[in-house]
Amino acid sequence: MTTPAPLTRSLFFSIFYGGMVCIAGVLGNKQVALGPLAVEAGIFAFLLLVAVSSAVAELHGRAVANRLVQIGFVPLIVSLLLSLLVWSLPASKEMVEQRPADLHAIQGILFATWRIWIGGILAYGVSQTLNVTIFSWLKREEGKLLWLRAAVAGVLSQIVDTLIFIGIAFYGVFPIGELLMGQMIAKVVLSAILVPILIYAFVGLARRLDRNA
């Protein structure tokens with residue numbers, strides 16, 4: 001007995017989306033150099049989140065895409081709680097004695113300040129909801145111009161994401177003007193170029209799953 005196409009598609013998108021929500025926080029522990037700009041690497045997972053939520057909005061409508069964003073809070077919060085639990089548990093004697101550098105590194109990845117956690121959760125919820133809203137509204141106004149809707153919604157939502165996260169996480173800790181500008185430039189450029197391509201790819205994959213299910 002074959003799995004119905006809508007179920008196959010839904011399983012793929014929900015599992016993939018949940019995985020990207022969780023890994024974004026891990027990747028964000030590293031800043032990568034994109035030309036002259038230093039960018040936190042979580043942007044790559046967030047661009048995929050933007051593309052998936054937009055693809056779901058394209059295929060199933062705004063309400064379903066917003067539900068996906070809301071459900072995404074579950075793996076996000078659970079992963080944060082599990083990270084805190086593992087951080088607080090004592091390391092094994094072997095790791096303390098034989099791999100202290102590894103222990104220090106993993107503890108740094110698992111733990112973040114409450115401002116970073118709150119900033120990440122709020123930035124995720126607001127920016128992803130805004131992306132779905134703009135993308136769906138432009139579909140009504142602009143029709144089938146998928147590439148344009150994808151670029152506009154992706155760029156605006158990522159600007160908001162940057163303002164919320166960096167503002168909450170780092171304001172008052174150090175001057176954030178240069179970091180804000182660098183993050184925005186990188187996210188705008190990547191969103192404008194990559195998000196439309198990714199949405200076309202996800203929509204095409206969903207339709208292929210429909211045919212093959």
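In which helix does Lys187 lie, and what surrounds this residue?

Guide: The model is predicted, so local features need pLDDT of at least 70 and side-chain atom pairs count only at pLDDT 80 or more, while totals for chains, interfaces and linings use all residues. Residues are numbered from 1 along each chain as its sequence is written, and side-chain values use heavy atoms, with hydrogens and water left out.

Lys187 lies in helix H9, which covers residues 177–212. Helices here are DSSP runs of H or I with at least four residues, numbered from the N terminus. Lys187 has a relative accessible area of 4%, so it counts as buried. The word buried means under 20% relative accessible area, exposed means over 50%, and partly exposed is in between, with a 1.4 Å probe and protein chains only.

Leaving aside residues up to four places away in sequence, Lys187 touches Glu40, Ile43, Gln158, Asp161 and Thr162. A contact of this kind means heavy atoms within 4.5 Å.

One of these neighbours, Asp161, forms a salt bridge with Lys187, and their closest N and O atoms are 2.7 Å apart. The pair links distant parts of the chain, since Lys187 is in helix H9 and Asp161 is in helix H8 (residues 146–170), 26 residues apart. A salt bridge is a side-chain nitrogen of Lys or Arg within 4 Å of a carboxyl oxygen of Asp or Glu. Asp161 is buried as well, with a relative accessible area of 4%.

The structure holds four salt bridges. Another of them joins Glu58 and Lys139, with the closest N and O atoms 3.9 Å apart. Glu58 lies in helix H2 (residues 42–60) and Lys139 in helix H7 (residues 114–142), so this pair ties together parts that are 81 residues apart in sequence. Glu58 is buried at 17% relative accessibility, whereas Lys139 is partly exposed at 34%. Glu58 and Lys139 also belong to a network of salt bridges that includes Arg149.

Arg99 and Asp102 form a salt bridge too, their closest N and O atoms being 3.6 Å apart. Here Arg99 is partly exposed, with a relative accessible area of 44%, and Asp102 is partly exposed at 40%.

Definitions and conventions. Helices (H or I, at least four residues) and strands (E, at least two) are DSSP runs, numbered from the N terminus.
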